[in-house]
Amino acid sequence: MSQKILVTGANGYIAMHVVSMLIKQGHHVRGTVRNLSDSDKVESLKRLGPIELYQADLLDAESWKKPCDGVDIVMHIASPLPVVAPSDENLVIRPAVEGTLNVFNAALNANVKRVVFTSSGLCVSGYDYKSRTFNEDDWVDISEAKTPYQKSKILAERAAWNFVDERKQKNEKCFEMAVIVPTFVLGPVLSAASGSSVTKFSRIFDQNTRKIDEMYAATCDVRDVALAHVKAAFEEKAVGHRNLITSGRNLFSIKNWLDILKHEFSGYSFPEVVSDQEKAKEIQETVFDNSRMKSILGIEPIDFNSTILDMTKSLIEYGIITKP
Ligand code: NAP
């Protein structure tokens, strides 16, 4: 059945895929952008199909009232993802945490039925992967958070659960919540405005980058992340749970990206990867459990090769990377 669904930060990398999927499924889609006069972002969104747009800022509680009014479901995806950490961590933490509460209060007052909240794998495992299995029961302690972004995501997800649990305990009305926990997101872009993970990936095509430090990360495809949001909006068993979205069970590295790309994209000179043998050994047995993604949300992860190749093709199409 067609629903009225609000997507916050609709112009973002992940959110655009969510919007596109919802429109294709015939839902009435509303989206927020930070600035309606930003014609690049607004036009990219309108190209996806019919969408009702509102202007809203995470730190402006009032701005969320109109977008939430009359919607059935809210997908709260907006949150700052700086490529470089700001000197003042509150520039990231405040919009993430206060923004979540502003959106949740507006959703509550508008009698929204369900909120799908976007968290991050950095709340589950942090940056230091140890040889062990991670699943939805794992939480990084805030005292161990390494970056303002990681702190912002841990505090925002904690605030989201507290908001819902407190009301449930007092038998007060509250929407249902399902949490989506994506690991490092890669895959095709739907506009030329690139988010933080796209910028990190694109560095390997910068012909001035000769050496690059190896990076290991649990990774997922942006199309699987979008599908997870859409499924969680309708699947009862997703409610009251964190749902970890990750493609392979193990970690991928920049070397893995390059092994795939070198076969398909000749003409680029890719950087040399500086690897850390000790680290490679440490993470050999690290596993991310994607059984909830598969069994509850019914998503079979997209093959990692397709994620990397489709992403690169889209970056060329949108002019984010150019052939040398
Ligand atoms: P993105 O492309 O940078 O999108 C972030 C969105 O949030 C943008 O629409 C941005 O608007 C909006 N936003 C930021 N600050 C705002 C503010 N103060 N008021 C209103 N809107 C604001 O990032 P993404 O990769 O799609 O990430 C989307 C969500 O997924 C985030 O919650 C992120 O933490 C989570 N996530 C991402 C990854 C990943 O690898 N990309 C992994 C795990 C979780 P502007 O365009 O105006 O800045």
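Modeller: Start with a term: a helix here is a DSSP run of H or I with at least four residues, numbered from the N terminus. N90 is found in such a run, helix α4, residues 90–109. Keep in mind that this is a predicted model.

Biologist: Why is N90 called partly exposed?

Modeller: Buried means under 20% relative accessible area, and exposed means over 50%. N90 has 37%, so N90 counts as partly exposed. There is also a distance to note.

Biologist: What makes Y129 buried?

Modeller: Its relative accessible area is 8%. The limit for buried is under 20%, so Y129 is buried. Y129 lies in the loop between β5 (114–118) and β6 (133–134).

Biologist: Which residues are in contact with Y129, leaving aside its neighbours within four places in sequence?

Modeller: Y216, A217, A218, L251, E282, I283, T286 and F288. Y216 is 87 residues apart from Y129 along the chain, and their C-alpha atoms are separated by 8.4 Å.

Biologist: How do you know that N111 is exposed?

Modeller: The relative accessible area of N111 is 52%. Exposed means over 50%, so N111 is exposed. N111 is placed in the loop between α4 and β5. N111 also has a positive phi, about 60°, although it is not a glycine.

Biologist: And why does N171 count as exposed?

Modeller: N171 has 74% relative accessibility, and the cut-off is over 50%, so N171 counts as exposed. N171 is in the loop between α5 (148–169) and β7 (176–182). Its phi is positive too, about 55°, and N171 is not a glycine.

Biologist: Now the cysteines. How do you know that the count of disulfides is what it is?

Modeller: A disulfide is a covalent bond between the sulfur atoms of two cysteines. The rule asks for a pair of sulfur atoms within 2.5 Å. By this rule the count is 0. Take C174: the closest cysteine sulfur, in C68, is 13 Å away, so that is too far for a bond. Take C220: the closest cysteine sulfur, in C123, is 13 Å away, again too far for a bond.

Biologist: What makes α8 oblique to α11?

Modeller: Helix α8 (residues 254–264) and helix α11 (residues 304–317) pack at about 60°, with axes 10 Å apart. That angle makes α8 oblique to α11. α8 passes α11 in a right-handed crossing. By class, their contact has 6 nonpolar, 3 polar and 1 charged residues.

Biologist: Which residues meet there?

Modeller: N256, W257, I260, L261 and E264 in α8 meet F304, N305, I308, L309 and T312 in α11.

Note on methods. Residues numbered from 1 in each chain as written. Predicted model: local features only at pLDDT ≥ 70, side-chain atom pairs only at ≥ 80, totals over all residues. Heavy atoms only, no water. Helix = DSSP H or I, 4+ residues; strand = E, 2+ residues; numbered from the N terminus. Buried < 20%, exposed > 50% of the residue type's maximum accessible area, 1.4 Å probe, protein only. Contact = heavy atoms within 4.5 Å. Axes fitted to C-alpha atoms, helices over the stretch in contact; angles between N-to-C directions. Parallel < 35°, antiparallel > 145°, perpendicular 65-115°, else oblique. Left-handed = near helix turned anticlockwise from the far one by under 90°. Nonpolar A, V, L, I, M, F, W, Y, C, P; charged D, E, K, R; others polar.
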